[in-house]
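Trainee: Could you walk me through how to read the features of this model, one kind at a time?
Mentor: Gladly; let us look at it together.

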Amino acid sequence: MTNRFFNLYSHGFARVAVGVPRCKVADPAYNAQQTIALARQAAEQGAVLVAFPELGLSAYTCDDLFHQRALLDACQEALASIVEASRKLSAALIVGMPLRVDHLLFNCAVVVAGGRIHGVVPKSYLPNYWEFYEARQFNAADCATTDSIRLCGETVPFGAEQLFEIENIPFFRFHVEICEDVWVPIPPSSYAALGGATVLVNLSASNIVVGKSGYRHQLVGQQSARCLAAYLYSSAGKGESSTDMAWDGQALIYENGELLRESERFADDSHLIYADVDLERLSRERMHSTTFGHSVRRHSEEVAKFRVVRFDIDAPTTRALPLERTVERFPYVPANARRRDERCMEVYNIQVQALVQRLSASGIDKVVIGVSGGLDSTHALLVCAKAMDRLGLPRANILGFTMPGFATSERTLKQARELMEVVGCTAREIDIRPSCMAMLKDLGHPYAEGEEVFDITFENVQAGERTNHLFRLANHHRAIVIGTGDLSELALGWCTYGVGDHMSHYNVNGSVPKTLISHLVRWVAETNQIGEAGSDVLENVLGTDISPELVPGKSKAGPEQKTESVIGPYELQDFNLFYTLRFGFAPTKIAFLALHAWGDRERGGWPEGPHVARNQYELADIKHNLGIFLDRFFRQSQFKRSCVPNGPKVGSGGSLSPRGDWRAPSDSESTVWMKDLERIPG
């Protein structure tokens with residue numbers, strides 16, 4: 001199990017490749033040699049599928065030479081050499097060639113694996129405009145009169161409506177189309193995806209002109225997104241005739257609209273790209289998207305035309321094979337600075353717009369908010385300020401209250417005061433200790449008699465007293481209470497039932513995870529949206545340890561009670577939350593992804609592979625914190641989430657509102673997730 005855990009194929013991934021061999025026009029033997037060399041290289045890297053360019057064995061630019069018997073015979077000989085070479089390769093190869101069938105010539109893709117030809121796919125749409133004259137030499141797929149042919153001594157399936165399934169790799173069903181097929185209004189791959197193909201392959205030649213590279217990206221990216229699939233795209237490179245055209249050898253691998261890998265263009269030599277596609281993710285996206293299933297039903301006649309050809313690949317599943325794929329450490333926060341700023345601006349405006357709508361619809365022009373000097377209430381206050389600006393109301397209509405208790409530190413109290421001042425809200429301070437002491441005395445709590453007993457009752461009396469004040473203040477001023485609790489706290493149940501971090505009249509932070517709130521506050525500070533003095537205050541907030549400040553410490557200077565010492569680091573728990581909530585992955589896969597994103601492959605437990613990241617969390621740390629997350633998320637906390645207040649959903653990563661993304665029983669068990677957790681080594 002140990003090595004298998006560290007193998008990408010154990011977690012729903014598959015490594016695929018696109019090769020662009022250097023070619024010679026009308027020299028199939030040379031072209032086959034180049035193809036085999038790249039295929040061997042891809043197989044050595046662990047790829048189980050390798051796609052090559054359209055008409056790669058002959059070269060695309062043969063024109064009327066395609067009607068020469070010598071060339072066609074040589075192409076079949078070249079194919080035979082590739083079939084033979086495939087016996088020793090643990091990968092399926094898809095090569096392009098011209099092929100005679102029943103007195104007609106077809107532009108074909110041939111699927112080869114394990115020393116056999118598993119199918120031949122003819123091109124469906126032949127361009128015959130501008131520089132293209134394919135209809136002069138070839139016939140389209142629907143001209144075929146047979147569904148099987150003899151090739152290289154065996155009978156093989158023939159036709160455009162074929163799906164190929166690698167049976168020993170879960171979710172791996174692929175479809176092949178050729179160049180122009182993806183440029184038409186309804187590509188064949190659209191129906192293939194509805195037929196279960198998760199990997200779509202395009203063998204293209206595709207000469208290059210100004211602007212075409214960008215359009216290929218749009219075309220392939222959108223097709224992969226619409227089909228909820230991976231898409232492999234090849235094009236011809238060095239060696240094709242430049243009589244009237246030029247060639248850049250662009251290769252692309254997309255997954256559900258996201259570019260995974262792109263080749264160097266205009267390369268002088270043969271080149272290869274490969275990427276690890278998440279087949280399980282694609283399957284789950286289709287399962288969640290009910291309109292995908294509706295499309296299958298609506299186009300059932302087209303889907304029914306496909307036949308499935310099944311075979312096995314000797315995939316490298318028993319040795320450690322780490323991912324060669326970017327896994328963001330902060331899935332809710334883009335790593336790219338420009339995209340991160342765009343994300344922050346959009347999330348901030350979603351929160352502001354939602355609050356503006358709630359205030360407008362209710363006819364209420366004041367809000368009440370508790371300001372602790374910590375991260376969440378700081379961001380909620382910033383949202384309130386911008387909402388008042390949008391409504392044309394004075395910021396004095398924000399009634400901010402800081403309510404120091406038994407464990408409030410000098411640092412956070414100072415930050416709360418400064419923050420309310422720079423925002424320009426109506427600021428008040430209410431010492432809750434007297435009312436808390438009265439409640440503790442009524443309860444007969446030992447603290448009221450002078451004993452230092454800091455139990456859960458002691459903590460929640462303070463939290464509840466703050467909430468009681470906020471709701472009664474809202475009644476008194478005809479205002480609504482703005483909640484400050486965030487998505488991460490809801491996920492982990494790190495909120496007191498019925499009090500301010502759980503309950504409010506409207507919660508602007510309810511679907512925003514802690515790691516994103518941190519970046520939102522930093523973005524407001526860096527963009528100087530509340531002035532230079534305000535930015536300094538925000539930087540101080542960002543530098544403050546996250547704490548409920550409910551248990552007194554030895555010093556009053558700063559928080560001593562540390563939230564993350566109990567529930568684990570938010571940066572890691574947000575990672576766990578994203579892959580649990582957004583994709584429903586098993587704990588073993590989440591840990592595998594976390595180790596790739598956060599671990600040091602040498603010190604973090606990888607038995608082999610290059611050093612890819614500074615040491616942050618070893619596998620033991622990841623497993624421990626994931627265990628905390630799973631038990632709190634699945635067993636302990638749903639009853640709190642079942643009655644959360646209204647608040648806007650801000651991202652596709654999901655929310656935990658019972659009216660939106662997440663409906664779950666309050667009394668479920670975490671057993672199956674904890675059992676899967678035990679499969680993680682260490």
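**Reading the features**

Mentor: Let us start with a single side chain: R69 is exposed, because its relative accessible area is 61%. "Exposed" means over 50% relative accessible area, "buried" under 20%, and "partly exposed" in between, with a 1.4 Å probe and protein chains only.

Trainee: Before we go on, what should I keep in mind about the source of these values?

Mentor: This is a predicted model, so local features need pLDDT of at least 70 and side-chain atom pairs count only at pLDDT 80 or more, while totals for chains, interfaces and linings use all residues. Residues are numbered from 1 along each chain as its sequence is written, and side-chain values use heavy atoms, with hydrogens and water left out.

Trainee: With which residue does R69 form a salt bridge?

Mentor: First the idea: a salt bridge is a side-chain nitrogen of Lys or Arg within 4 Å of a carboxyl oxygen of Asp or Glu. Here the partner of R69 is D73, and their closest N and O atoms are 3.1 Å apart. D73 is partly exposed, at 26% relative accessibility.

Trainee: Why are R69 and D73 separated by about one helical turn?

Mentor: Because they are four residues apart in helix α3. Helices here are DSSP runs of H or I with at least four residues, strands are runs of E with at least two, and both are numbered from the N terminus.

Trainee: How many salt bridges are found in the whole structure?

Mentor: The search finds 35. Among them, R87 pairs with E84 at 3.0 Å between the closest N and O atoms; R87 is exposed at 52%, and E84 is partly exposed at 48%. K305 forms a bridge with E302, with 3.3 Å between the closest N and O atoms, and E302 is partly exposed at 30%. Salt bridges can also be linked, as in the network of E255, E258, R281 and R325.

Trainee: Which residues does UniProt list for "active site"?

Mentor: A word on such records: UniProt positions are given in the numbering used here, feature names are shortened, and annotations may be inferred rather than shown by experiment. The unreviewed UniProt entry lists E54, K123 and C179. They are spread over 126 residues of sequence, yet they cluster in space, with a largest C-alpha distance of 9.7 Å. E54 from this set also belongs to the lining of the largest cavity. On a 1 Å grid over the protein atoms alone, a cavity is a set of points where a 1.4 Å probe fits but cannot get out, and lining residues have an atom within 4 Å of a point.

Trainee: Is E54 buried or exposed?

Mentor: E54 is buried, at 1% relative accessibility. It sits in the loop between β2 (49-51) and α3 (69-86). To read its surroundings, take contact as heavy atoms within 4.5 Å. Beyond neighbours within four places in sequence, E54 contacts residues including Y60, K123, C179 and S234. Its side chain also makes a polar contact of 2.7 Å with the side chain of N107. A polar contact is a pair of N or O atoms within 3.5 Å; within protein, one must be able to donate a hydrogen and the other to accept it, and residues adjacent in sequence count only if both atoms are side-chain atoms.

Trainee: Where is C179 found?

Mentor: C179 is in the loop between β9 (173-178) and α5 (188-194), and it is buried at 9%. Neighbours within four places aside, the contacts of C179 include E54, K123 and N202.

Trainee: Which residues touch the most other members of the largest nonpolar core?

Mentor: In soluble globular proteins, nonpolar side chains tend to be buried together. A nonpolar core is a set of buried Ala, Val, Leu, Ile, Met, Phe, Trp, Tyr and Cys residues joined through side-chain atoms within 4.5 Å. In the largest one, of 130 residues, L49, F172, F174 and V176 touch the most other members. Helix α11 (residues 375-391) gives the most to this core, with nine residues. Apart from it lies another core, of 51 residues, among them Y60, M97, C108 and Y274.

Trainee: Which residues does UniProt place under "binding site"?

Mentor: The unreviewed entry gives N460, E489, W494, C495, T496, Y497 and K640. N460 lies in helix α14 (residues 456-477) and is partly exposed at 27%. C495, in the loop between α15 (487-492) and β20 (506-507), is buried at 4%.

How values were computed:
1 Å grid on protein atoms, 1.4 Å probe; cavity = no way out; pocket = protein on both sides within 12 Å on 5 of 7 lines; lining within 4 Å.
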